[in-house]
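Please open the model in a viewer and keep the sequence at hand.

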Amino acid sequence: MFNSALSPADEPLDSRRLQQFLCVAEHSGFSRAAEQLHLSQQALSSSVAKLESQLGVSLFDRSGRRVRLTPAGEALRAGASVLLAAGQVLARQVREAAAQARRPFVVAHTPAVTAEEVHGVLEPIRHGLPEVSVTAVQMFPGDLESAVRNGTVDLALRRGTTTSTVLASAVIAYHPLNIAVARGHRFAERRSVAVAELRGGPIVVWAPAGKSFYTDFILSTCRRAGFEPTLTVNRIQGTTPVTAVLDYPDAVAFVTTAPGPALGGAVRIIALDDPPLAPVQAVWLPHTRSAIRDLLISMDKQQL
C-alpha cells in the first residue's frame, strides 16, 4: 500500500526532474539545457534546486563558468539514466499487456559468442516457454550496454565478467577454449596442444589488451602457462571467430568451436590440453522484471 505520510526525503524521485537534471549534466550548463527542454532557465534551476533539496545534497558545482557535477551528481547521473530506462520498459510492458501483444525477446551477443552458442544458452527458453519468440542480434561490445540501457535489447551476452556500475549481470555459461589454425600450420595435424606450446607464435585477438575482457582472459591464460604472448589484432572485425587465422597463416586464435575441420577445411580446430573455460556473462537493465529472463538465468545457473 502506498504510504502518503512519507517525508520529502523518502518520496520517490520525480522522473521529470531527473530528466531535466540529466539534460543539465549533458550540456554542462543551465542555459543550453533550458533551451533544449524548452523551459525558462529560472524554471529549470528551480526544478534542480527542488531535487537537491529532496536529496539533501548539491548536485552541481556552480563556482566556475560551466557547472560541473559533484560526486553526488555523478552518482545520480549513473543511476538516473537506468531508472528512467526501466520506467520506459515498464510502460511498454503495460501497453503490451493491455493490447495482449508480445514483442520478441531480444538477445544481443558479441562476435565472441557464436550464434550456435547463443542457441544453446537459450535452451531453457526454447523448452520452458515455447510460445515466446526470441530475436538474436550480433553487436560489437561497445554497443551492448547502450542498447540494454535504452531498452532495445532485453538481454546481452558477452565473453567475460566485466563489472558494470549501472547494469545487472551474471555468468550463465562456460565454454572450453580450443585453438584455430590455418591449413598448413605446424599444429594443423595435431590432436591436441598445450597452451605452453603457443610460446613464440602470434596469437590473433579482436581488441588490444586492456580494451577487451576476452583479450585479457587470453593474456592471463598465456601468462599462467609461463610466457608473454605476441598478440595481433585481427583486421577483420565481426566475423565468426574461426575466420581469424585465415589472413595470419602462422598464428593461432583461441575459439570455443569444437575440434575438427572448419570453413571447408581451410581452418583446423585443435583441442587444448586442460582447456581454460571462457565465461559467458548476461547483462540486463536493473529495476525491471522479466519472467523470460528469470527462467534463462535461473536454469543456466543450475547447470554451471
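**Helix packing and cores**

Helices α2 and α3 are roughly perpendicular to each other, because angles of 65 to 115 degrees count as such. In this predicted model, select residues 30–37 for α2, which packs on α3 at an angle of about 105°, the axes being 9 Å apart. Next, display the side chains where the two helices meet: F30, S31, A33, A34 and L37 belong to α2, and Q41, L44, S45 and V48 to α3. By class, this contact comprises 6 nonpolar, 3 polar and no charged residues.

From α1, select R17, L18, Q20, F21 and V24; their partners in α3 are L44, S47, V48, K50, L51 and Q54. The contact of α1 with α3 holds 6 nonpolar, 3 polar and 2 charged residues.

Proceed to the largest nonpolar core, which has 35 residues. Which residues have the most contacts inside it? They are I179, L198, Y214 and F254. At least two core residues come from each of β7 (178–182), β9 (202–205), α8 (213–224), β11 (252–255) and β13 (267–272).

Centre the view on F254. Leaving aside residues up to four places away in sequence, F254 touches L177, N178, I179, L198, I203, W206, Y214, I218, C222 and L272.

Finally, another core, of 21 residues, lies apart from the largest one; select V107, V121, I172 and A282 among its members.

Notes: Residues numbered from 1 in each chain as written. Predicted model: local features only at pLDDT ≥ 70, side-chain atom pairs only at ≥ 80, totals over all residues. Heavy atoms only, no water. Contact = heavy atoms within 4.5 Å. Helix = DSSP H or I, 4+ residues; strand = E, 2+ residues; numbered from the N terminus. Nonpolar A, V, L, I, M, F, W, Y, C, P; charged D, E, K, R; others polar. Core = buried A, V, L, I, M, F, W, Y, C linked by side-chain atoms within 4.5 Å. Buried < 20%, exposed > 50% of the residue type's maximum accessible area, 1.4 Å probe, protein only. Axes fitted to C-alpha atoms, helices over the stretch in contact; angles between N-to-C directions. Parallel < 35°, antiparallel > 145°, perpendicular 65-115°, else oblique.
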